[in-house]
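Below is a short report on one model. It covers a helix, the salt bridges, a surface patch and a loop residue.

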Amino acid sequence: MTITEWPQTAAAPDPLSPPPTLVSETPDAVSGTPGTVSETPDFVSETQKRNPDETAPAVPRGPLTGTQKLAVGGIVAFALVLAGIGLYLSFAHVASFAHEELRFGSLDKGRLFAVGVDVGIMVMIAVDLLMAWLKRPITWIRYPVWLLTSATVVLNAASAAPKNRPWALVDYVASFAHGVVPILFIMIVEVGRDAIDRIVRPGRAERDAIPLIRWVLAPLATPRIYRRMRLWGVASYPEMVRREQDLLAYEQWLKRKYDGDLSKASDDERLPMKMAPYGYTVREALAMPDQQEAEAEQREEEAERRRLEATTRKELAEKRAEAERLEADGQLELVRARVDSEKGMARAHANAQISAAEKAAARDEAALETAVQAEARARRAEAERQEAEAREAAADADLRTAELERAAAQKRKEAAEADQVAAAEAQAIETQTIAEARKAAAEADKAAAEIEAAVAETRRAAAEKARLETEEIERQELAAAGIEAARNAAAEAEKAAAETRRAAAEIERRAVEMEDEAKLQPRERQVRKVARLALAAGHFHDGLALEDVQYELNEVVSIADVQRACDVSSTDTASKYRAEAAQLLADGYRPEQ
């Protein structure tokens, strides 16, 4: 064997062990020399993987035979007998010692003390065995049992101590004899507990015991091995022996490599000696630097990966936020455009309705004014016609009066001439001619009287005509007053219509604003427009049934009105709008509320 060769272990190698991991300044294994006995774990901190013997599958056990059951029953019976003997002896000795030496006031109190200690021990032993049987062992309960049993042993041994004389050999033997039975009982209980644990938990890993001969032959090294086995969970004694052999062989090889001066070895080469007290094998200790470097690199890679992932997530989040912001801005612009268009449409519709109402009012006013003016013109024409007729009648009467007066004057002239003739003839002769002249004069007077009566009649007709003219003037004045009143009424009606249109426009504006605030859909806006149209055309009282509202709505708003108001061409759509408006009015919709 050369200095650079790996020493062969004394124990038989494990054929399942993997080849050793190469480390800094560690030579390869010699041909024909297998790897170390213990396996190199995936992670050095996992004790179970470093000790494969602990996880070995349990050997299947069949049911107990009749002889075995008989043996178990006998063991239990003898254990109970031993427990009874121990309790009896311990009770008597401890009670007497407690009364005489421990200053218990009476023997009864000493007995109660002994009974309390023994019953406490038995109760805790019973609980320990029961929990082990239920596969729920309580590890710490054994230590109070051991403590109380030790106290019982001490009290039993103290009860045999000599009084007022030095200790003799027989005194030691007697003290030992007093404590033997409790010790035996506890040993039997521990054996029974371990047996129950093995029965109820057959898969539990068994821990090898260090042979007694090793304790005798190597009293200094064996406690160190025992400590390592217990501290680091090495259940197999042969495995621990192989580890010690590997460590000694490696240390000897290292000394030969550096001529006995281990201080020349590197820190990595001295790791097996440093890590052996912590349960690491030679292979695990030598592999530790590479593993730690690999783990450090892995941690750095993991940290870099997490950093890159965080950076990527941040960039993705920023881009996603930017995309969401842009999308939100686009949606906001779309909503604004839609709302502005709907507001414009609503304002245009409201303005159109107001303009249509104003034009309708103007037409109504013009029609009313035209009717009043036509009636006034008709009355004025009739009055003028009657006045012309009256003037014509007056002219005719004046003409007849003038003719009558002219005739009367002619008659009077003729009568005067006749009187003169008659006077002349009377003076000449009073003949038949005078009488006839007088008769003619009388007829002339009569005619004059008739003419005067005709003149009087003409004057009466003229007075009647003047009265009629006065009445006509009064009628014209009344007609003018009626026209003025009609104009005033038309102005008042126009004012009221203007107020109504202004109120309707205000209601429409507020309704549009409320719809904008409520962010209603176009269909909902159209339905409310039909409802407002119905409210403007008719009276809808609260509490009306849906059928009554539909009937009233069909009476005041036609399908054509809905089509014009909503600017739709489909009669089906207009009918649906009107039905939904009826439902809305039945639910109590009022735009002014």
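How many residues does helix α3 have, and how far does α3 reach from its first C-alpha to its last? Helix α3 (residues 107-133) has 27 residues and reaches 38 Å. That is close to the 39 Å expected at 1.5 Å a residue. The expected span is 1.5 Å times one less than the number of residues. Helices are DSSP runs of H or I with at least four residues, numbered from the N terminus.

This is a predicted model: local features need pLDDT of at least 70, side-chain atom pairs count only at pLDDT 80 or more, and totals for chains, interfaces and linings use all residues. Residues are numbered from 1 along each chain as its sequence is written, and side-chain values use heavy atoms, with hydrogens and water left out.

**Helix α3**

The buried residues of α3 are G110, A114, V117, D118, I121, M124, I125, D128 and A132. Buried means under 20% relative accessible area, exposed means over 50%, and partly exposed lies in between (1.4 Å probe, protein chains only). These buried residues pack against α2 (66-100), α4 (142-159) and α5 (169-200). Contact here means heavy atoms within 4.5 Å. After α3 comes K135, with a positive phi near 60 degrees.

**Salt bridges**

Side chains of opposite charge can pair when their charged atoms come close. A salt bridge is a side-chain nitrogen of Lys or Arg within 4 Å of a carboxyl oxygen of Asp or Glu. By this rule the count comes to 21 salt bridges. Three of them are listed here.

| Pair | N to O distance |
|---|---|
| R243 and E239 | 3.2 Å |
| E457 and R460 | 2.1 Å |
| E472 and R475 | 2.0 Å |

R243 and E239 sit four residues apart in helix α8 (residues 237-257), about one turn of the helix. R243 and E239 are both buried.

E457 and R460 belong to helix α11 (residues 432-518). About one helical turn separates E457 and R460, because they are three residues apart in α11. E457 counts as partly exposed, at 39% relative accessibility. R460 is also partly exposed, at 47%.

E472 and R475 lie in helix α11 as well, three residues apart, again about one turn. Is E472 buried or exposed? E472 has a relative accessible area of 10%, so E472 is buried.

**A nonpolar patch**

Which residues form a nonpolar patch on the surface? They are L212, I213, W215, V216, L217 and Y226, with about 650 Å² of accessible area together. Patches are made of residues with over 30% relative accessible area and no salt bridge; like charges are joined within 9 Å, nonpolar side chains (Val, Leu, Ile, Met, Phe, Trp, Tyr) within 5 Å. Accessible areas come from the Shrake-Rupley method with a 1.4 Å probe, and for residues only the protein chains shown count as cover.

Helix α6 (residues 212-217) gives the most to the patch, with five residues. I213 lies in α6. The relative accessible area of I213 is 53%, so I213 is exposed.

**A buried loop residue**

Y280 is found in the loop between α9 (271-275) and α10 (282-428). Y280 has a relative accessible area of 17%, so Y280 counts as buried. Y280 and R228 are 52 residues apart in sequence, and their C-alpha atoms are 9.9 Å apart in space.

Key. Helix = DSSP H or I, 4+ residues; strand = E, 2+ residues; numbered from the N terminus.
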